[in-house]
Amino acid sequence: MPLLRLRLFFLIGVFGLCALPAAAQSENVTTVEGADGEQMTLTAQPHSVADGLSVRAMGIEATDTATRWVLSLIGADPEDEISLTYGDQSLRILEVNRPDDGVGPTKVYVTQEDFLTMAETGTVTLTVGDVSTTLPEQLRREMRMIFDKIT
């Protein structure tokens with residue numbers, strides 16, 4: 001009987017340790033309320049994707065508009081061309097908002113479908129100026145969490 005209990009405690013401990021990474025992964029996704037009553041679900045800490053370039057993902061819900069899906073680029077130069085590609089197809093960029101004074105993030109607005117495509121595949125390429133990179137797996141997982149929380 002004691003051996004059976006020991007095995008049971010061991011299994012509970014192993015399953016408990018397996019659950020820890022899943023809980024830790026969601027710690028970087030948070031929801032905040034904006035000044036205009038918007039609810040923003042976003043990655044709290046941006047992810048470095050290249051030297052001097054970081055990305056934060058967000059979904060912005062407002063009562064008077066449809067949900068907006070955004071990649072916020074930290075470190076993009078105002079003159080940088082920005083594109084997203086999936087295989088040989090370009091993903092649609094709805095709008096690019098650059099900071100007026102050159103200080104702050106550049107926001108890239110995409111469709112819900114393309115946000116989900118980026119979340120579900122490691123083969124989407126983000127190009128900012130001369131830098132081309134794929135989105136890190138952790139960021140993609142967090143994008144999926146954002147998508148799931150909002151939809």
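T43 counts as buried, at 0% relative accessibility (buried means under 20% relative accessible area, exposed over 50%, partly exposed in between, with a 1.4 Å probe and protein chains only). T43 lies in strand β2. Leaving aside neighbours within four places in sequence, T43 is in contact with N28, R56, A57, L139, E142 and I146 (contact means heavy atoms within 4.5 Å).

This is a predicted model, in which local features need pLDDT of at least 70 and side-chain atom pairs count only at pLDDT 80 or more, while totals for chains, interfaces and linings use all residues. Residues are numbered from 1 along each chain as its sequence is written, and side-chain values use heavy atoms, with hydrogens and water left out.

**Strands β1 and β2**

- Strand β1 covers residues 29-33 and strand β2 covers residues 39-43. Helices (H or I, at least four residues) and strands (E, at least two) are DSSP runs, numbered from the N terminus.
- The two strands, β1 and β2, pair in the antiparallel sense over five bridges. Pairing requires that DSSP finds at least two bridges between two strands.
- T30 stands opposite L42 in β2.
- Five residues lie between the strands of the β1 and β2 hairpin. There, G37 takes a positive phi near 85 degrees.

**Salt bridge from the hairpin loop**

- The structure holds four salt bridges (a side-chain nitrogen of Lys or Arg within 4 Å of a carboxyl oxygen of Asp or Glu).
- One of them joins R68 and E38, with the closest N and O atoms 2.4 Å apart.
- This pair links distant parts of the chain, 30 residues apart. R68 is in strand β5 (residues 68-74), and E38 is in the loop between β1 and β2.
- E38 is buried, with a relative accessible area of 18%. R68 counts as partly exposed at 28% relative accessibility.

- Side chains of opposite charge can pair when their charged atoms come close.
- E120 and R144 meet in a salt bridge through their side chains (2.2 Å, N to O).
- That pair also links distant parts of the chain, 24 residues apart. E120 belongs to helix α2 (residues 112-120), R144 to helix α3 (residues 137-150).
- R144 also meets D148 in a salt bridge (3.0 Å, N to O). R144 and D148 are separated by about one helical turn, because they are four residues apart in helix α3.
- Salt bridges that share partners join E120, R144 and D148 into one network.
- E120 counts as exposed at 51% relative accessibility. R144 is partly exposed at 29%, and D148 is partly exposed at 43%.

**Packing of α2 on α3**

- The angle between α2 and α3 is about 140 degrees, and their axes are 7 Å apart. The angle makes α2 oblique to α3.
- Axes are lines fitted to C-alpha atoms, for helices over the stretch in contact, and angles run from 0 to 180 degrees between N-to-C directions. Angles under 35 degrees count as roughly parallel, over 145 as roughly antiparallel, 65 to 115 as roughly perpendicular and the rest as oblique.
- On the α2 side, Q112, F115, L116, M118, A119 and E120 take part in the meeting. Their partners in α3 are R140, M143, R144, I146 and F147.
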